[in-house]
Amino acid sequence: EKEGYQHFMIKEINEQPKGVSETLMRRLDKEDNIVLDGIKLTKEDLEHINKIYIVACGTAYHAGLVGRYAIEKLARIPVEVDVASEFRYRDPFVDENTLFIAVSQSGETLDTLAALREAKRKGARILSIVNVVGSSVARESHDVFYTWAGPEIAVASTKAYTTQLIAMYLIALHMAKTADSISNEEYKKVIQELKTLPEKVKGILGDIDKIQHLGDAQFSNESVFFMGRGLDVNVAHEGSLKLKEISYINSFAIAAGELKHGTIALIEKGTLVMALATQDHLYDKMLSNIQEVRARGAYVVAVAKEGNKEVEKTADVVLYIPNTMDELTPVLSIIPLQLFAYFIAVARGCDVDKPKNLAKSVTVE
Ligand code: M6R
């Protein structure tokens, strides 16, 4: 069933153009209107909603972080994102005017389910983004958005993440349109751009030599830092999780602006820094951050948009992603990071599909 691939993970990474396209195209009619048949939220419902909580674990939580950005930017409703295992224990402000969005590939993650039940008990409207049809999270929700990733077998989540991002964008656009907070022009622009993403993902997957080579390279240091600004911070977190869970390399992610508030103390000669620099309005600031770590001897691999050549002067290696709107870059910038984690894990001889101590679905607290 691996269809010629060495691992499920690399097969699933390569299935992303299809997953992204299916999740998107199945929700658009001929006139590019978003059709969310599993979601019954009306204009009146939305008018009552004054707060949104997005709650999930691991990779799904990271998709939620991007979702917050999309919903706040497009629909102008305040959003909080919580790790499911924490949500219940902080007595959150949930009532009938709250929309609770659960994100889960499996739909069986116990913490996510427990958080959902708690929010429901307090009167929230429950919308879930789930990959497995008929799963517990889906069954207990008022509204469901199914991602169209297909079965995900590898413990490290890849295609579920990119399809969750598409779900988030569609939900944000749908809310924006229902609430009249987006112009027709802007709406069409985002939809057109979303439609270009499957081909762009395919483009990245077709040109992997540089990343493969990086994965094979030996770095003097056993920890890797991921950094970025704006939306890139969220992708940095996801890239870091991918790397640590399958390669057992100590990695973490920070907002690049936080460097000088502590983390820069750890940068030394040979430290590997993965720097995401895809946000146009934050590009110059990222270049300065890259210089800061470079000056202390770090080896910097940057991820940037095609055409932004300036970064070549400061980074050691640049992995380019095709151009797109800043808001949509996470769908593209995560791809080189997934591949990077994969190739490093393979080079280290790790059991990529079944990393030690981890289960695909976490049904205990
Ligand atoms: O099935 P879920 O999306 O609820 O799972 C959530 C996390 O357990 C999951 O994303 C986990 O972090 C993955 N191993 C990450 O690759």
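This is a predicted model: local features need pLDDT of at least 70, side-chain atom pairs count only at pLDDT 80 or more; totals for chains, interfaces and linings use all residues.
A polar side-chain atom of Glu 245 lies 2.4 Å from an oxygen atom of the ligand, whereas Thr 59 places a backbone N or O atom 3.1 Å from an oxygen atom of the ligand. Val 155 also uses a backbone N or O atom, which lies 3.1 Å from a nitrogen atom of the ligand.

We can now turn to the helices. Two packed helices are described by the angle between their axes and the distance between those axes. Helix H9, residues 184-205, packs against helix H13, residues 330-347, at an angle of about 25°, with the axes 10 Å apart. Because angles under 35 degrees count as roughly parallel, H9 and H13 are roughly parallel to each other, and their crossing is right-handed. On the H9 side the contact is made by Leu 197, Lys 200, Val 201, Ile 204 and Leu 205, and on the H13 side by Val 331, Leu 332, Ile 335, Pro 336 and Leu 339. Sorted by class, this contact has nine nonpolar residues, no polar residues and one charged residue.

Helix H13 also meets helix H10, residues 209-216, where the axes come within 8 Å and cross at roughly 40°. H10 and H13 are therefore oblique to each other, and the crossing is right-handed. Here Ile 211, Gln 212, Leu 214, Gly 215 and Asp 216 of H10 meet Pro 336, Leu 339, Phe 340, Phe 343, Ile 344 and Ala 347 of H13, a contact that divides into eight nonpolar, two polar and one charged residues.

Note on methods: Residues are numbered from 1 along each chain as its sequence is written. Side-chain values use heavy atoms; hydrogens and water are left out. Axes are lines fitted to C-alpha atoms, for helices over the stretch in contact, and angles run from 0 to 180 degrees between N-to-C directions. Helices (H or I, at least four residues) and strands (E, at least two) are DSSP runs, numbered from the N terminus. Angles under 35 degrees count as roughly parallel, over 145 as roughly antiparallel, 65 to 115 as roughly perpendicular and the rest as oblique. A crossing is left-handed if the near helix is turned anticlockwise from the far one by less than a right angle, and right-handed if clockwise. Contact means heavy atoms within 4.5 Å. Ala, Val, Leu, Ile, Met, Phe, Trp, Tyr, Cys and Pro count as nonpolar, Asp, Glu, Lys and Arg as charged, and the others, Gly among them, as polar. A polar contact is a pair of N or O atoms within 3.5 Å; within protein, one must be able to donate a hydrogen and the other to accept it, and residues adjacent in sequence count only if both atoms are side-chain atoms.
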